[in-house]
Amino acid sequence: MKRITYITLFTLIISIIAGTLVSSASWIGRVGISVFYKEYSFLKAWWKVATFMFLLLMLFYTLQSWAQKKLSVGAAKMVHIFCILAALTGLYLCYDDFQDDFSHSLLGERFHIGIYLFWIGWIVISAYLILTRNTQQTISPSRNSISKRSSSLR
């Protein structure tokens, strides 16, 4: 239960910070969203961005947790490593796009940092699941050996 609470709290905090940063795009960026890119108008409200990012990160966490429970240790670790690589690729592609695309560069640094935080959040979730998998395995066998010893003593 604590594991879910910690990761949910982390995801909530990172989503609120990223949502606030994304919604504080530069003036020219906000005008561009209002005039040319109306389908992205939800990016102007911090709570909409934060909710979207929170739900997306929680979806990633849920899917990766499910994979961790259903797959073997090696396969689950490969899923998490693949997710880290996918997030790093997304982070790089966003950085490259923000540097090369003129209209995206007008959105400002705060907007960019907010998007980078989303990718970093996914990397942290994947790393967290890799690390918690190892600690769960070291605890579980010792409990089984204790129960086997107590049953053999009877």
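Reply: Helices (H or I, at least four residues) and strands (E, at least two) are DSSP runs, numbered from the N terminus. This is a predicted model, in which local features need pLDDT of at least 70, side-chain atom pairs count only at pLDDT 80 or more, and totals for chains, interfaces and linings use all residues. Residues are numbered from 1 along each chain as its sequence is written, and side-chain values use heavy atoms, with hydrogens and water left out.

Me: How many helices and how many strands does the protein chain have?
Reply: From the N terminus on, the elements run α-α-α-α-α-α. The count for the protein chain is six helices and zero strands.

Me: What pLDDT does the protein chain average?
Reply: pLDDT is the predictor's confidence in each residue, from 0 to 100. In the protein chain, 83% of the residues score at least 70, and the average is 85.

Me: What percentage of the residues of the protein chain count as buried?
Reply: Buried means under 20% relative accessible area, exposed over 50%, and partly exposed in between (1.4 Å probe, protein chains only). Of the 154 residues of the protein chain, the buried share is 34%.

Me: Is H80 buried or exposed?
Reply: H80 lies in helix α4. Leaving out residues up to four places away in sequence, H80 touches Q64, Q68, S126, L129 and I130. Its relative accessibility is 1%, so H80 counts as buried.

Me: Is W66 buried or exposed?
Reply: W66 is found in helix α3 (residues 46–70). The C-alpha atoms of W66 and A76, 10 residues apart along the chain, are separated by 9.4 Å. With a relative accessible area of 55%, W66 is exposed.

Me: What is the relative accessible area of I120?
Reply: I120 has its place in helix α6. Its C-alpha atom is separated by 8.1 Å from that of L88, 32 residues apart along the chain. I120 is partly exposed, with a relative accessible area of 37%.

Me: Which residues are buried in helix α2 (residues 27–35), and what arc do they cover?
Reply: The buried residues in helix α2 are G29, G32 and I33. The arc is that of the directions from the helix axis to the C-beta atoms. These residues lie on the same side of α2, because the arc they cover around the axis is only 100°.

Me: How many aromatic pairs does the structure hold, and why is the pair of F98 and F111 edge-to-face?
Reply: Rings of Phe, Tyr and Trp (its six-membered ring) pair if their centres lie within 6.5 Å; planes under 30 degrees apart count as stacked, over 60 as edge-to-face and the rest as tilted. The structure holds seven aromatic pairs. The ring centres of F98 and F111 are 6.1 Å apart, and the pair is edge-to-face because the planes are at 70°.

Me: Which helices does the pair of F98 and F111 link?
Reply: F98 counts as buried because its relative accessibility is 6%, and F111 is buried with a relative accessible area of 6%. The two residues are 13 residues apart, and their pair links distant parts of the chain: helix α4 (residues 73–100) and helix α6 (residues 109–153).

Me: What angle lies between the planes of F98 and Y116?
Reply: Both F98 and Y116 are buried. Apart from neighbours within four places in sequence, the contacts of F98 include H104, H112, I115 and Y116. F98 and Y116 form a tilted pair, 5.8 Å centre to centre, with an angle between the planes of 55°.

Me: Which residues lie nearest the centre of the largest pocket?
Reply: On a 1 Å grid over the protein atoms alone, a pocket is an open set of points where a 1.4 Å probe fits, with protein on both sides within 12 Å along at least five of seven lines; lining residues have an atom within 4 Å of a point. Grid points are joined across faces, edges and corners, and a volume is the space filled by probe spheres set on the points; the largest pocket has a volume of about 590 Å³. Of the 24 residues that line the largest pocket, those nearest its centre are Y40, L43, H104, L107 and F111.

Note on methods:
Contact = heavy atoms within 4.5 Å.
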